[in-house]
Amino acid sequence: MDAVEQYVRELRTIRFTGSGVAETSYYSPLSLLLNEIGKTLKPRVQCVIHIQNRGAGLPDGGLFTADQIQRGEEPDLLRGTPPSRGVIEAKPFNADVEAIANDEQVGRYLSRYGHVLVTNFWDFLLVGRDRNGNLTKLERYRLAESESDFLRTSSHPRALAAGQGERFVEFLKRVMLHMAPLASPQDVAWFLASYARDAKSRIEGVELDALSAVRAALEDALGLKFEGEKGDHFFRSTLVQTLFYGIFSAWVLWSKRQPPNGQARFDWHSAAWSLRVPMISALYEQVATPSRLQPLGLVEVLNWAAAALNRVDRPAFFARFEEHHAVQYFYEPFLEAFDPRLRKELGVWYTPREIVQYMVARVDAVLREELGLPDGLADPNVYVLDPCAGTGSYLVEVLERISKRLEERGGDALAAHDLKRAAMERVFGFEILPAPFVVAHLQLGLLLQNLGVPLSETRNERVAVYLTNALTGWGADNPDETTPIQTILRGYPQLLEERDQAREVKRDKPILVILGNPPYNGFAGVAVDEERDLTDAYRVARATKQPQGQGLNDLYVRFFRMAERRIVEQTGKGIVCFISNYSWLDGLSFTAMR
């Protein structure tokens, strides 16, 4: 049975015996729930009811990590340390948790233990202290709007758990982790993903009519349709990811301007001003305006997310990796925790840096040794495309190799200028998801800054990474400017410009190298005709057995065909270097493709 369902069922059973004590009879279900959730964390968190008085009174419970549990025989037990994850103050069902939080007793607990989870078993409020020592309400979760409402809905424990269980469990996990050190990219990713899941739950089933124009504009820019349940899921997930990655990216840039241990606090409301990509700034501003966020209940969640970022040990966070690589270790764990279903559908998997380095080195060697270009990737006539750029791993490695080659030739101010021009004019990336698109821009911008050639804000410089569907828009036809979608797009000039710049790359640039790690699965949107027809050339064999089965429907096959056609039909020569599913090497569906 689900832990939340079990908890609600036991609360109801105790209450309706008519013999329970208003407060203490309910400690056991609460402890069992917290322990069931706590054992999924690393380190494991254990709830202990009625802990010792350490000079501040007797808390109703304490939250201990596994390393605080002593090993050895009973006579050797020493006086333990205070619960590292805070204490619990529980009151009867009819108590007001806000009034309890302001009680003098809770104040004493805060002074001694740092955090207090105040609850009446259906309303939960986590409180702590701000930098000035004043009580602050950190997070709150209510299983119902009132005691009577909870008693009514608790008569159907399974339905209550199905509707609220995921968000409630995420909240309790955050409670147990709130006092944990926050330094690694993976831990920061988990916290932001947890808040993002809460945000996504709040907009599930909510009509987003006010954002219908944004939806239509994105559909046109990405060359797909958000149709059906999967398309709607993708669109909502995209909105939430845009919000949270906009905030995260703004925090990274803000952190670079602040003293490592300074007292300044990050404010998410300023995020739009930190995003240097016009299209993403426009999308973020459309989604993040108070008039849109307030009715959806997202302001509260974004405040929590910003508070989590303000708890991060920034020197430790950025010391884990080279600065411009740190973010790539963040995206995959974020998406895995936030939306594992979407991650699987989109084939989003981290590519180890060693593999990226090897592939880029091989491409560089082939350019020099087989295509007669002594400078390889550093040759100004070599145009490179990663059609599924993700967070920009391949693009970062390409630019780093160009930088090294330019240094070998005797790096000077002109060479630095050549590197920046390469990032802006001939090393291209396409990405269909706004979140990794933001990260790619962030990483490449930091790389150029670290190499001494930062992008100019006054000249609105940007790297050549575009939000687009790499599998569409390669044809020569121009869009009909009189259609309803074009009318909508004129209201979003940044989206229109992004689409047009991506089309210019697809149609006019002499791409010589196409490399990357294309996804191996289906996509949440509905493919338009151009994408759906990509694999037609592989469906009829001329000199071998005809293809059998459905293997050609796999998404990576479309990327192969796109790359093959782009090199053969437009450039005339070049290199395709992909990581791919192995199935095309021997599968019965791929006879014509081979």
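1. Buried here means under 20% relative accessible area, with exposed over 50% and partly exposed in between (1.4 Å probe, protein chains only). Strands (E, at least two residues) and helices (H or I, at least four) are DSSP runs numbered from the N terminus.

2. A word on the source before going further: this is a predicted model, in which local features need pLDDT of at least 70 and side-chain atom pairs count only at pLDDT 80 or more, while totals for chains, interfaces and linings use all residues. Residues are numbered from 1 along each chain as its sequence is written, and side-chain values use heavy atoms, leaving out hydrogens and water.

3. Back to β11 and its neighbours. Strand β8 (residues 383-386) pairs with β11 in the parallel sense over 3 bridges, and Y383 has I511 as its bridge partner in β11. Strand β13 (residues 575-578) also runs parallel to β11, joined to it by 4 bridges; there, G516 stands opposite F578. Two strands pair if DSSP finds at least two bridges between them.

4. Strand β5 (residues 123-129) is worth a look too, as 6 of its 7 residues are buried, so it is largely enclosed by the rest of the structure. Strand β4 (residues 116-119) runs antiparallel to β5 through 4 bridges, with V116 opposite V127. Strand β6 (residues 135-142) pairs with β5, again in the antiparallel sense, over 7 bridges, and L126 finds its bridge partner in E139 of β6. As background, side chains in a regular strand alternate between the two faces of the sheet.

5. F121 is a residue other than glycine, and it is buried, with a relative accessible area of 0%. The hairpin of β5 and β6 has 5 residues between its strands, and here G133 takes a positive phi near 85°.

6. H50 is not a glycine, yet has a positive phi of about 55°; H50 sits in the loop between β1 and β2 (61-65) and counts as exposed at 51% relative accessibility. In the loop between α2 (27-38) and β1 (45-49) you will find P43, which a cis peptide bond joins to K42, with omega about -5°.

7. Now for a helix pair. The axes of α9 (residues 228-257) and α21 (residues 434-450) come within 8 Å and cross at roughly 15°, which makes α9 roughly parallel to α21. Axes are lines fitted to C-alpha atoms, for helices over the stretch in contact, and angles run from 0 to 180 degrees between N-to-C directions. Angles under 35 degrees count as roughly parallel, over 145 as roughly antiparallel, 65 to 115 as roughly perpendicular and the rest as oblique.

8. The contact (heavy atoms within 4.5 Å) includes T238, Y245 and L253 of α9 and P434, V438 and L446 of α21.

9. Finally, L495 lies in helix α23 (residues 493-508) and is buried, with a relative accessible area of 5%. The C-alpha atoms of L495 and A217 are separated by 7.1 Å, although these residues are 278 residues apart along the chain.
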